[in-house]
Amino acid sequence: ASSLFKGLVDIVEQDGDSAKYRMAIEELGRRSKREMSSASHAVELAYADLNDAKPYEALERLAHTNLSHARKNVALRAFNVEILSRLDAGDAQGAQLSAQRLSEIAARYRKGSRNRRVADGLVENARVWAKPHSEWTPADGEFMRARLAQTPASQGRISWQLFVAEYELLH
């Protein structure tokens with residue numbers, strides 16, 4: 001299932017085709033509950049909403065998604081989609097609050113675990129994303145450059161390139 005999912009995510013993150021991704025996720029959700037839980041299905045549809053430039057729809061979908069029994073990776077994905085959707089909707093304060101909630105949850109994960117590393121990385125990203133750009137520091141610029149160098153997916157690289165370019169324009 002994870003290799004299938006990785007291939008699906010690449011549809012958006014490498015190819016930039018959110019419509020094709022949405023169709024694949026909808027079909028997968030109809031076809032097999034073993035491949036994808038209802039929570040995972042809803043989170044991935046919210047991700048498709050976000051990539052279709054519909055952050056309010058993504059937030060609405062997430063608000064109606066029960067994550068209480070979801071696997072940790074699904075909950076982390078939901079936080080990532082929520083933070084990005086709030087930022088796209090112009091709600092930096094809401095993104096910061098979501099990152100704070102995520103940080104509290106991450107503290108409960110075992111140090112050094114994959115979930116802890118992912119959660120901590122999302123919190124670090126959100127700290128920079130949600131900060132007023134006029135307040136970015138040289139350390140923030142270095143963080144953005146490091147993220148740009150570490151990000152394998154073209155969609156992520158483009159985002160970090162834009163952050164770095166904006167940082168350089170401001171400083």
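Colleague: Where is A53 placed?

Modeller: First, this is a predicted model, with residues numbered from 1 along each chain as its sequence is written. Local features need pLDDT of at least 70, side-chain atom pairs count only at pLDDT 80 or more, totals for chains, interfaces and linings use all residues, and side-chain values use heavy atoms, with hydrogens and water left out. Helices (H or I, at least four residues) and strands (E, at least two) are DSSP runs, numbered from the N terminus. On that count, A53 belongs to the loop between helix 3 (38–51) and helix 4 (55–63).

Colleague: Is A53 buried or exposed?

Modeller: Buried means under 20% relative accessible area, exposed over 50%, and partly exposed in between, using a 1.4 Å probe and protein chains only. A53 comes out at 64% relative accessibility, so the residue counts as exposed.

Colleague: And what is phi of A53 near?

Modeller: Most residues other than glycine have a negative phi. A53 isn't a glycine, yet its phi is positive, near 60°.

Colleague: How many helices and strands does the chain have?

Modeller: Reading from the N terminus, the elements go α-α-α-α-α-α-α-α-α. The tally is therefore 9 helices and 0 strands.

Colleague: Which residues is M144 in contact with, leaving aside neighbours within four places in sequence?

Modeller: Contact means heavy atoms within 4.5 Å. With those sequence neighbours set aside, the partners of M144 are V128, W136, W160, F163, V164 and Y167.

Colleague: How are helix 6 and helix 7 oriented to each other?

Modeller: Axes are lines fitted to C-alpha atoms, for helices over the stretch in contact, and angles run from 0 to 180 degrees between N-to-C directions. Helix 6 and helix 7 pack at about 160°, with axes 9 Å apart. Angles under 35 degrees count as roughly parallel, over 145 as roughly antiparallel, 65 to 115 as roughly perpendicular and the rest as oblique. So helix 6 and helix 7 are roughly antiparallel.

Colleague: What handedness does the crossing of helix 5 and helix 6 have?

Modeller: Their axes cross at roughly 160° and come within 7 Å. A crossing is left-handed if the near helix is turned anticlockwise from the far one by less than a right angle, and right-handed if clockwise. Helix 5 passes helix 6 in a crossing that is left-handed.

Colleague: How do the residues of the contact of helix 2 with helix 3 divide by class?

Modeller: Helix 2 (residues 18–31) and helix 3 pack at about 165°, axes 9 Å apart, so they are roughly antiparallel. Helix 2 brings S18, Y21, R22, I25, E26 and G29, and helix 3 brings H41, E44, L45, Y47, A48, D49 and N51. Ala, Val, Leu, Ile, Met, Phe, Trp, Tyr, Cys and Pro count as nonpolar, Asp, Glu, Lys and Arg as charged, and the others, Gly among them, as polar. That gives 5 nonpolar, 4 polar and 4 charged.
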